[in-house]
Amino acid sequence: PEGTRFPFCRNQFARIQYTPNPQPKFSDLPATLNGAYDITAAFADLAHYEVLFTTMQYEPNDAPPSPGSVLAQAVAVLYQSVKANPENYPRGLTMRIMLGNYPVTSNFSWGDQIMDALSDIRAAGVEKMVDPEIGWRLEVANFPGTYPHSHTKFIVVDGQGITSMGYNYGYLHLP
């Protein structure tokens, strides 16, 4: 009947993000240096208490800027914001990064990408993973085992906004 609310979560589709950038016939978003990676990194401007990020593949920053270094810079911006103005984050801020334990394809070794992510985050200027004085918590984890690896790629900000991604944080998905 008219006025009846259906029991669904009211998800809305906003747009497709292209890597590295959309062609004008597909999107009116302006081009940026890193395309969809820059759009995803904008979570640093939106977060109030929690960011959950997951990707299957995270490659080392061999030829800057890598997609991972773009993510690391956004984590650093968020960290510096919490550090400079902890009163703006009364619940504190937790940043969780879950990696998919994708293998290094040249030698099929697993587990290295967590060190690559931590190295990029440290190089970006994040001094501490946990700082209770300002309410900062950074958690980085890797999917366990070797097979299967986690294929998920998404980001959730404050339990509300979500970006479901089809691109990894590696050079292959940049172009």
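In the predicted model, Thr54 stands opposite Phe154 of strand β5. This pairing belongs to an antiparallel arrangement in which four bridges join β1 to β5, the latter comprising residues 154-157. Strand β5 also pairs with β6, again in the antiparallel sense and over four bridges. Within this second pairing, Val157 has Gly161 of β6 as its bridge partner. The two strands β5 and β6 form a hairpin with three residues between them, and Asp158 in the turn adopts a positive phi of about 55°.

Thr55 is placed in strand β1, which spans residues 50-55. With a relative accessibility of 0%, Thr55 counts as buried. When neighbours within four places in sequence are left aside, the contacts of Thr55 comprise Met98, Leu99, Gly100, Thr152, Lys153, Tyr167, Asn168 and Tyr169. A polar atom of the Thr55 side chain lies 3.4 Å from the backbone oxygen of Gln57. Between the C-alpha atoms of Thr55 and Pro148, which are 93 residues apart along the chain, the separation is 14 Å.

Five aromatic pairs are present in the structure. One of them is formed by Tyr37 and Tyr167 in an edge-to-face geometry, with 5.1 Å centre to centre and 75° between the planes. Because Tyr37 lies in helix α1 (residues 36-41) and Tyr167 in the segment after β6 (161-164), this pair ties together parts that are 130 residues apart in sequence. Both Tyr37 and Tyr167 are buried. Phe53 and Tyr169 likewise form an edge-to-face pair, with 5.1 Å centre to centre and 90° between the planes. Here Phe53 is located in strand β1 and Tyr169 in the segment after β6, so the pair ties together parts that are 116 residues apart in sequence. Phe53 counts as buried at 2% relative accessibility, and Tyr169 counts as buried at 1%. Ring pairs link Tyr37, Phe53, Tyr167 and Tyr169 into a cluster. A ring is also involved in a contact with a charged group: the charged end of Arg91 sits over the ring of Tyr49, 3.7 Å from the ring centre.

Side chains of opposite charge can pair when their charged atoms come close. The structure holds five salt bridges. In one of these, Glu50 pairs with Arg96, the closest N and O atoms being 2.5 Å apart. Arg96 is partly exposed, at 31% relative accessibility. A salt bridge also joins Arg96 to Glu139, with 2.7 Å between the closest N and O atoms. Glu139 lies in strand β4 (residues 136-142) and Arg96 in strand β2, so parts that are 43 residues apart in sequence are tied together. Glu139 has a relative accessible area of 29% and is therefore partly exposed. Through shared partners, salt bridges join Glu50, Arg96, Arg137 and Glu139 into one network.

The side chains of Lys83 and Glu127 also meet in a salt bridge, at 2.6 Å from N to O. Lys83 lies in helix α3 (residues 67-84), whereas Glu127 lies in the loop between α4 (113-123) and β3 (130-131), so this pair ties together parts that are 44 residues apart in sequence. Lys83 counts as partly exposed at 36% relative accessibility, as does Glu127 at 44%.

Terms used. Residues are numbered from 1 along each chain as its sequence is written. This is a predicted model: local features need pLDDT of at least 70, side-chain atom pairs count only at pLDDT 80 or more; totals for chains, interfaces and linings use all residues. Side-chain values use heavy atoms; hydrogens and water are left out. Buried means under 20% relative accessible area, exposed over 50%, partly exposed in between (1.4 Å probe, protein chains only). Contact means heavy atoms within 4.5 Å. A polar contact is a pair of N or O atoms within 3.5 Å; within protein, one must be able to donate a hydrogen and the other to accept it, and residues adjacent in sequence count only if both atoms are side-chain atoms. Rings of Phe, Tyr and Trp (its six-membered ring) pair if their centres lie within 6.5 Å; planes under 30 degrees apart count as stacked, over 60 as edge-to-face and the rest as tilted. A charge sits over a ring if NZ of Lys or CZ of Arg is within 6 Å of the ring centre and within 35 degrees of the ring normal. Two strands pair if DSSP finds at least two bridges between them. A salt bridge is a side-chain nitrogen of Lys or Arg within 4 Å of a carboxyl oxygen of Asp or Glu.
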